[in-house]
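Subject: Structure handover

Hello,

Below is the structure I said I would pass on. My notes on strands, aromatic pairs and salt bridges follow it.

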Amino acid sequence: MTETLFRSDAYARTCEAYVTAVNDRGGIILDRTILYASAGGQPGDVGALTWEGGVCRIAATVYDTDKTTIVHVPAEGSTSPAPVLPVVVTLDWDTRHKYMRVHTALHLLCSLVHWPVTGGQIGAGEGPLDFD
């Protein structure tokens, strides 16, 4: 299970972690992370992992099939760090901040509309609401 540091500090931009595994699809699993995994209509964070002599861009952050392990998906062509290697996780803050603002706006809209809202999703530059 990955320790979810973003739950206690949504404004953290970096953290130190250890690579616990690289799964059979190439996803990187860390012991802890600040990168939010895609869930509840909100996209996962993007960012980077850096270590002595290497950098891996993270194109997406998702939950594994067990719904507790967070998988950091490397960008195409990125080199993954080896297991047990210490890394620094760096969040793409500009993207996270945009998602946070749209997420808050969707909640505010839900409280203002007079019709039942069945959900909202945050996408690239948009945040549609679904009504009954």
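A residue counts as buried under 20% relative accessible area and as exposed over 50%, with partly exposed in between. Glu 3, at 43% relative accessibility, is therefore partly exposed. Please keep in mind that this is a predicted model.

Salt bridges

There are four salt bridges in the structure. One of them joins Glu 3 to Arg 32, with 3.6 Å between the closest N and O atoms. Glu 3 is in strand β1 and Arg 32 in strand β4, so this pair ties together parts that are 29 residues apart in sequence. Arg 32 is also partly exposed, at 26% relative accessibility.

Another joins Asp 45 to Arg 96, where the closest N and O atoms are 2.6 Å apart. Asp 45 sits in the loop between β4 and β5, and Arg 96 belongs to helix α1, so parts 51 residues apart in sequence are tied together. Both ends are covered: Asp 45 is buried with a relative accessible area of 2%, and Arg 96 is buried at 4%.

Arg 25 and Asp 64 form a salt bridge as well, at 3.4 Å between the closest N and O atoms. The pair links the loop between β2 and β3, which holds Arg 25, to the loop between β6 and β7, which holds Asp 64, 39 residues apart. Arg 25 is exposed at 62%, whereas Asp 64 is buried at 17%. These two residues and Asp 24 are linked in a network of salt bridges.

Aromatic pairs

The structure has two aromatic pairs. In one, the ring centres of Phe 6 and Tyr 36 are 5.4 Å apart and the planes are at 75 degrees, so the pair is edge-to-face. Phe 6 is buried, with a relative accessible area of 6%, and Tyr 36 is buried too, at 17%.

The pair of Tyr 11 and Trp 93 is tilted, with 5.8 Å from centre to centre and 45 degrees between the planes. Tyr 11 lies in the loop between β1 and β2 and Trp 93 in helix α1, 82 residues apart. Tyr 11 is exposed at 54% relative accessibility, while Trp 93 is buried at 13%.

Strand β5

Strand β5 covers residues 47–51, and four of its five residues are buried. β5 pairs with β6 in the antiparallel sense over five bridges, and the β6 partner of Gly 47 is Ile 58. In the hairpin of these two strands, Gly 53 takes a positive phi near 90 degrees. β5 also runs antiparallel to β8, joined by four bridges; there, Thr 50 has Val 88 as its bridge partner.

Regards

Notes:
Residues numbered from 1 in each chain as written. Predicted model: local features only at pLDDT ≥ 70, side-chain atom pairs only at ≥ 80, totals over all residues. Heavy atoms only, no water. Buried < 20%, exposed > 50% of the residue type's maximum accessible area, 1.4 Å probe, protein only. Pairing = 2+ DSSP bridges. Phe/Tyr/Trp six-rings, centres within 6.5 Å; stacked < 30°, edge-to-face > 60°. Salt bridge = Lys/Arg side-chain N within 4 Å of Asp/Glu carboxyl O.
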